[in-house]
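Thanks for coming. I will take one structure today and go through it in order. Please look at the screen first.

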Amino acid sequence: IKAVYHNLNLVNKEIAIIGSLGNSEGYFNDELKKAILKIDPGFNIHESLIEPVVGSAFQAYENAKNN
């Protein structure tokens, strides 16, 4: 996150945390969110809007459609 943040001019500072850290509650999830907000307190951290597999399927469809 830090590398992307410092190399791109982000306008939309939305972050969805997925996987075990995103789905769990407790120490590691809390520490990850603190670390992200330390980079920029303007980040909006939230749950994923769709399952990652849905996004992957959509991207595969788009790639196939354009080839």
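I start with the lining of the largest pocket: its residues divide into four nonpolar, four polar and two charged. Here Ala, Val, Leu, Ile, Met, Phe, Trp, Tyr, Cys and Pro count as nonpolar, Asp, Glu, Lys and Arg as charged, and the others, Gly among them, as polar.

Before going on, a note on the source: this is a predicted model, in which local features need pLDDT of at least 70, side-chain atom pairs count only at pLDDT 80 or more, and totals for chains, interfaces and linings use all residues. Residues are numbered from 1 along each chain as its sequence is written, and side-chain values use heavy atoms, with hydrogens and water left out.

Back to the pocket. A pocket is an open set of points on a 1 Å grid over the protein atoms alone, where a 1.4 Å probe fits, with protein on both sides within 12 Å along at least five of seven lines; lining residues have an atom within 4 Å of a point. The largest one holds about 160 Å³ of space, the volume being the space filled by probe spheres set on the points, which are joined across faces, edges and corners. Its lining includes Ile-17, Ile-18, Glu-47, Ser-48 and Pro-52. Helix α2, residues 19–23, gives the most to that lining, with three residues.

Now the fold. The protein has four helices and two strands, in the order α-β-α-α-β-α from the N terminus. These are DSSP runs, numbered from the N terminus: helices are H or I with at least four residues, strands E with at least two.

Asp-40 sits in the loop between α3 (27–39) and β2 (44–46), and counts as buried because its relative accessibility is 9%. Leaving out residues up to four places away in sequence, Asp-40 touches Tyr-5 and Lys-13, a contact being heavy atoms within 4.5 Å.

Ile-50, another lining residue of the pocket, is in the loop between β2 and α4 (52–65). Its relative accessible area is 47%, so Ile-50 is partly exposed.

Tyr-27 belongs to helix α3. Is Tyr-27 buried or exposed? Tyr-27 counts as exposed, because its relative accessibility is 56%. From Tyr-27 to Ser-56 is 29 residues in sequence and 29 Å in space, C-alpha to C-alpha.

Key
Buried means under 20% relative accessible area, exposed over 50%, partly exposed in between (1.4 Å probe, protein chains only).
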